[in-house]
Amino acid sequence: MQTRRKFIKISSLGLGMTAVAAGATNLVSGQSGKIALGKEGPTKGPMRKVATYCEVCFWKCAGWAHVTPDGDIQKITGNQDDPQCNGRLCPRGTGGVGMYSDPDRLKTPLIRVTRNGEQTYREATWDEALDYVAGKMKDIAAKHGPESMALFNHGSSGRYFTHLLNAFGSENIAAPSFAQCRGPRDTGFELTFGESVGSPEATDIRDTRCLVLIGSHIGENMHNGQVQEMSDAIDRGAVIITVDPRLSTAASKSKYWMPIKPATDLALLLAWIHVLTHEGLYNKEYVEKYAEGFAELKEHVKEYTPEWAYGITTLKPEMIRHTAREMANAAPSVIIHPGRHTTWYGDDVQRSRAIAILNALLGSWGSRGGIFFKEGVKVPAFPAPAYPKPTWSWHETLDGKYPMARESVTNSMIEASIPATGRTHQIHGWIVSGTNLVMAIPLKEQLHKAMESLDLLVVVDTMPMEITGYADVVLPECTYLERYDDLRLSPHREPTIALRMPATTPKYQTQPAWWIAKQIGERLGLGAYFNFKDLSEVLEWQLKQVGSSLAEMEKIGLKKLPRKSLLYIPPGADYPFKTATGKIHLKSAELAESGFDAMPVFRPHPQPETGFYRLIYGRAPMHTFSRTANNRNLVALMPENAIWVNPQVAELWGLKKDQHVWLKNQDGVISNFSVKVRITERIRWDSVYIVHGFGHRHKPLSYAYGRGVNDTELITRISIDPIMGGTGMRGNFVTFLKEEPKKEVKS
Ligand SMILES: Nc1nc2c(c(=O)[nH]1)N[C@H]1C(S)=C(S)[C@@H](COP(=O)(O)OP(=O)(O)OC[C@H]3O[C@@H](n4cnc5c(=O)[nH]c(N)nc54)[C@H](O)[C@@H]3O)O[C@H]1N2
Ligand SMILES: Nc1nc2c(c(=O)[nH]1)N[C@H]1C(S)=C(S)[C@@H](COP(=O)(O)OP(=O)(O)OC[C@H]3O[C@@H](n4cnc5c(=O)[nH]c(N)nc54)[C@H](O)[C@@H]3O)O[C@H]1N2
Ligand code: SF4
Ligand SMILES: [Mo]
């Protein structure tokens, strides 16, 4: 174990490159709201259109970068042929050019050094930085085995480091998109149907007659194709039912808004199941043919009446019955949306199971207007030797917990990085690529302990996000607009291939992740796994296998291929589900065998004490998590978050519109910064709401620093789902401080 790793502000460097950078781009004045994209007046000559797909979020819309003859990116537009976006990007995708032109970008590799007893970074050449990383990885492998290197990743760049680690001999690879995001949903659906809905979700919103959103706030959650389809569905007269303690944008467009008491959704879901089963409203033919465990389920929900649920959810029994009938009337063209960020209260797999069961009772899986079967293009992997077999993997980091975790659990990997007596599977080094763990993971103390204990912490990022301050080595990646990446092959209604290629040369000394991984690989003697000069060679080879070419893809950006499989189950056909028995599991023997409830059971969650309000959080259409908080184009659209407070509560506290308050949680943790009050009837009195991704405390993020508050800091209590390890984050309660609290503001 090395000396305690201190947080370093990247600004403490003499960044010689900055001046050059500032001359090369000119943007913006985020604060005054004025934006000038690119240079003053376009350079003469025709613009080039370069194929790309967006990386501002993981919907990955295909588009075009419009580039001046001298290589300046003027704008980004959607690709008309892409069914994921239909030629229209969301505000974040359009503003994506701000990621490329951000003057605060990481510019050179950095290495942590100690000068005069103080830890700081020094600028390094790529050779120095890569040699350092490879050297340390070799040491770790020699001392502890290659398995003790782990990767945390999110987004396109993670793939190359996954390949690197697999070639090195480690399968310890984790992403917050499982245990902090969609893990409970995927697990609940897999336990029920044998598979989940994937990303982009296979929800047939385009053709649905009834869409039920349980806290899923489509419209603010801006997943493009989904938003477009929902908007069309509303125009067609589809019934939208939204269950949310807040009048979300989706709720405001819905026929029914059900302002549920937070943390009680499972009671509502069970009552709906009760109505469908006990009033004979379920899809009998479908259930008889494809499902098992119906009689037990019916018996199980006998007492879960709408009257019972009323006392828990505060939703009137007539409304529960009425909405259940709306679903039954529309069946099977009905979707109880599985949601995506589902780590809420710690019993999230069971809530997702209840959602899956409702879909099964209505016959929506495999039906038009329900959930379709997705299909993608299968492209072979570029030839490389087989990976060595590790002696242990992330499964061992679970310590026998979370038996249904189908993917590795970030929290367990972090815990396994903290030395403890008796720990046999210890992690000693991390590569972190494309994830700002400091803002994404609620277990702050554990995270810090782990980061202090490591022998090596490498961060690959485009921006000086909080996580970079903990690294031994910071490797600056170029943005998605400056690089090739793997082909986008995400399965959906139509099989498609989308190309991302460099629209211009990388700024500063930045490099693509594929290059960084290859360089480290070669230094580790793993060159055979990176047997290409440039990623374009790999893409050219792969495209050839499916009858296309790079030249063709450069012209069209996106290629559609014909479907080979069915989109829906043909009427009356036999369809084997991907479960062990081939049937939908209304009752889960798998869960029972592991000691969990075979069918969802409602158990109450803690409620706020007097003077405290439940902290709930979500998305805003113009930002993606914390990654866009410094993007000046998007900061101009939404500079900070505000706290939504019900008028009754505002009156009680004497809060005024736009007044700044600090938030204090149930454990006495106070927000680093203050936040504006937004007084609105659109939120229940027992809850407050903020958009995640704000309240950055790393000063080099000059536009994001100190704007709004960070929900993650206030999430000190988590409820871990015992089934798959997800960190339920909505069991925290805050109160208001009207005066600035006396405390040191860390930066
Ligand atoms: N409190 C709280 N916590 C949450 C959530 C919440 O709502 N509230 N949401 C949860 C959810 S749903 C998720 S999916 C996770 C997401 O958590 P993260 O994956 O951490 O999400 P981002 O904020 O997008 O962080 C991405 C990081 O990638 C960097 N980056 C951007 N582009 C590139 C690139 O091209 N290359 C590289 N190498 N890096 C890049 C950004 O600068 C940033 O540091 O957070 C989870 N955690
Ligand atoms: N613009 C934009 N869009 C995004 C993202 C982004 O960063 N920016 N991130 C993407 C990602 S990775 C994810 S995972 C998704 C997340 O988006 P979703 O999966 O749609 O939603 P959540 O974040 O789970 O939930 C937010 C909603 O839940 C409500 N809510 C809070 N507590 C409760 C409760 O107890 N019961 C009910 N019924 N509702 C409750 C909140 O009021 C809010 O409206 O968004 C995706 N889309
Ligand atoms: S939904 Fe918006 S941010 Fe996400 S990939 Fe599409 S254009 Fe980009
Ligand atoms: Mo997510």
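How many nonpolar, polar and charged residues does the shell around ligand 1 have? By class, that shell has 12 nonpolar, 12 polar and 6 charged residues, where Ala, Val, Leu, Ile, Met, Phe, Trp, Tyr, Cys and Pro count as nonpolar, Asp, Glu, Lys and Arg as charged, and the others, Gly among them, as polar.

The model is predicted: local features need pLDDT of at least 70 and side-chain atom pairs count only at pLDDT 80 or more, while totals for chains, interfaces and linings use all residues. Residues are numbered from 1 along each chain as its sequence is written, chains are lettered from A and ligands numbered from 1 in the order in which they are written, and side-chain values use heavy atoms, with hydrogens and water left out.

**First stop: ligand 1**

Select ligand 1 and the 30 residues that surround it, each with a heavy atom within 4 Å of the ligand. The closest are H154, A440, D461, E477 and R627.

Next, display the polar contacts (pairs of N or O atoms within 3.5 Å). At A440, a backbone N or O atom lies 2.8 Å from a nitrogen atom of the ligand. A polar backbone atom of V460 is 3.2 Å from a nitrogen atom of ligand 1, and a side-chain N or O atom of T712 is 3.0 Å from a nitrogen atom of ligand 1. Taken alone, ligand 1 exposes 920 Å², of which the protein buries 98%; accessible areas come from the Shrake-Rupley method with a 1.4 Å probe.

Colour the elements that give two or more residues to this shell: α6 (176–193), α17 (437–440), β14 (456–461) and α25 (711–714). Helices (H or I, at least four residues) and strands (E, at least two) are DSSP runs, numbered from the N terminus.

**Second stop: helix α6**

Now select ligand 2, which 30 residues surround; D244, D265, H341, Y345 and H623 are the closest. A polar side-chain atom of Y345 lies 2.6 Å from an oxygen atom of ligand 2. A polar backbone atom of A263 is 3.0 Å from an oxygen atom of ligand 2, and a side-chain N or O atom of R619 is 3.2 Å from a nitrogen atom of ligand 2. The protein covers 99% of the 930 Å² of accessible area that ligand 2 has on its own. By class, the shell around ligand 2 has 14 nonpolar, 8 polar and 8 charged residues.

Terms used
Polar contact = N/O pair within 3.5 Å; in protein donor to acceptor, adjacent residues only side chain to side chain.
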